[in-house]
Amino acid sequence: MNPPRPQSAPVTRRALSSKAERFTESVIREMTRLAIRYGAVNLAQGFPDFPAPAEIKRAAQEAIAADINQYAITWGAKRFRDAIAENFQRTQGLAPDPETEITVCCGSTEAMISSMMAIINPGDEVVVFEPFYENYGPDAILSGATPRFVKLRPPDWTFDPAELAAAFGPATKALILNTPNNPTGRVFDRAELECIRDLCVRWNTFAITDEIYEHMVYDGARHISLATIEGMRERTLTVNALSKTYSVTGWRVGWVIAPPDVTAAIRKVHDFLTVGAAAPLQEAGAVALRFPLDYYQTLAREYVARRDRMMGILASAGFRCFKPRGAYYIMTDISAFGFPDDVAFAQYLVKDIGVAAVPGSSFYSDSADGRTHLRFTFCKTEKTFQAAAERLAKLRTAP
Ligand SMILES: Cc1ncc(COP(=O)(O)O)c(C=O)c1O
């Protein structure tokens with residue numbers, strides 16, 4: 001016989017982290033879960049549904065077979081850091097020192113939060129363009145920074161230099177940039193980057209730049225790394241990853257390139273957060289980063305065809321599309337459908353039409369600013385486009 005169970009005392013909940021209470025779960029990842037639940041075509045989360053390159057997969061398999069299965073050096077396997085440095089030199093003409101200026105992390109997600117935790121003190125502010133990739137909000141809260149938002153305005157998603165200047169002040173510690181930009185597709189040009197530089201120099205701030213879509217640029221747009229702008233190298237933290245360029249979002253391998261003193265702080269934060277990224281996948285990354293130029297040209301060519309296919313599908317279904325020149329998302333205007341807001345429309349789309357997209361409000365600090373927008377990704381196969389086209393054809397615009 002089981003012993004009698006002790007009478008349980010009423011549980012008084014202890015307070016949870018007030019930081020964790022200040023943000024919600026990711027809307028993007030939530031839309032993926034809804035897509036699975038309703039059997040919807042997932043055009044919400046940015047992961048390719050086509051295979052990763054055979055060479056990168058083979059390199060990972062070989063690394064595991066060769067027993068590269070224990071911890072790599074916490075800030076990254078030497079071969080991989082050397083490949084990152086060579087790659088940055090080849091693409092942007094800058095040669096970071098792999099021994100003192102590179103930290104390998106678990107995806108660009110960890111590279112971003114480790115970078116912020118390495119530089120932020122209580123009272124510090126960060127300037128963030130909005131709409132913004134939704135992680136930057138929680139990153140600011142977790143690291144203790146107060147965000148100052150500056151609008152990118154449609155249709156071109158450019159910023160007003162006066163508004164940007166007004167966001168800077170003595171408390172500004174860093175500006176966060178994402179180019180090519182998610183969700184708008186904006187590829188920041190040299191004049192914009194120089195405007196950012198002038199303010200960073202004037203207020204002596206850092207810049208953290210998320211360049212994960214560097215190779216997805218279309219219609220003659222050119223990706224310029226902020227660190228290459230004169231006066232920026234010594235104050236820029238450049239975040240990147242294998243995730244998008246090599247279609248391996250599940251591998252969780254990224255990095256940050258930063259000046260030596262900043263790197264020393266990032267490495268400490270990174271070590272105690274995660275110890276390190278997967279060792280055999282770093283070996284595969286070293287192979288991938290040395291792919292010939294042709295790989296990147298084909299990648300961009302295939303993505304521009306996917307963009308045009310998706311633009312066509314969305315336009316025929318009644319969406320007003322903002323044509324992206326970079327990254328792999330299309331921001332749309334949904335006013336024509338007559339729904340009260342973006343969330344209501346996204347719910348209807350996923351449940352009744354069978355297509356998942358991301359409500360625009362998840363990219364804004366004030367949800368009202370995103371209520372007429374929905375974001376679709378186009379990192380998908382023709383089969384997925386076909387299914388989305390059939391389903392979206394059932395949509396009706398408001399009379
Ligand atoms: C701008 C941006 N940064 C970072 C990430 C996440 O990158 P990772 O998978 O390397 O953590 C994404 C993913 O969608 C993104 O769009």
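## Exercises on a predicted model

The largest pocket is lined by 25 residues, and those nearest its centre are Phe-23, Thr-24, Glu-134, Gly-137 and Pro-138. This is a predicted model, in which local features need pLDDT of at least 70 and side-chain atom pairs count only at pLDDT 80 or more, while totals for chains, interfaces and linings use all residues. Residues are numbered from 1 along each chain as its sequence is written, and side-chain values use heavy atoms, with hydrogens and water left out.

### Exercise 1

Find which element gives the most to the lining of the largest pocket.

Solution. Begin with the term: on a 1 Å grid over the protein atoms alone, a pocket is an open set of points where a 1.4 Å probe fits, with protein on both sides within 12 Å along at least five of seven lines, and lining residues have an atom within 4 Å of a point. The volume of the largest pocket is about 540 Å³, a volume being the space filled by probe spheres set on the points, which are joined across faces, edges and corners. H6, with five residues, gives the most.

### Exercise 2

Trace the network of salt bridges that links Lys-78, Arg-81, Asp-82 and Glu-99.

Solution. A salt bridge is a side-chain nitrogen of Lys or Arg within 4 Å of a carboxyl oxygen of Asp or Glu. First take Asp-82 and Lys-78, which form a salt bridge with their closest N and O atoms 3.1 Å apart; because they are four residues apart in helix H4 (residues 78-92), about one helical turn separates them. Then take Arg-81 and Glu-99, whose side chains meet in a salt bridge at 3.4 Å, N to O. Arg-81 lies in helix H4 and Glu-99 in the loop between H4 and strand E2 (102-105), so this pair ties together parts that are 18 residues apart in sequence. Finally, compare accessibility, where buried means under 20% relative accessible area, exposed over 50% and partly exposed in between (1.4 Å probe, protein chains only): Arg-81 is buried at 1%, whereas Glu-99 is partly exposed at 37%.

### Exercise 3

Work out which strands stand at the edges of the open sheet, and where the side chains of E2 point.

Solution. Write down the order of the seven strands, E2-E8-E7-E6-E5-E3-E4, with mixed pairing; two strands pair if DSSP finds at least two bridges between them. E2 and strand E4 (146-151) stand at the edges, and each has a single partner strand, so one side of each is left without a neighbour in the sheet. For E2, the pairing with E8 is antiparallel over four bridges, and Thr-103 has Val-256 in E8 as its bridge partner.

Key
Helix = DSSP H or I, 4+ residues; strand = E, 2+ residues; numbered from the N terminus.
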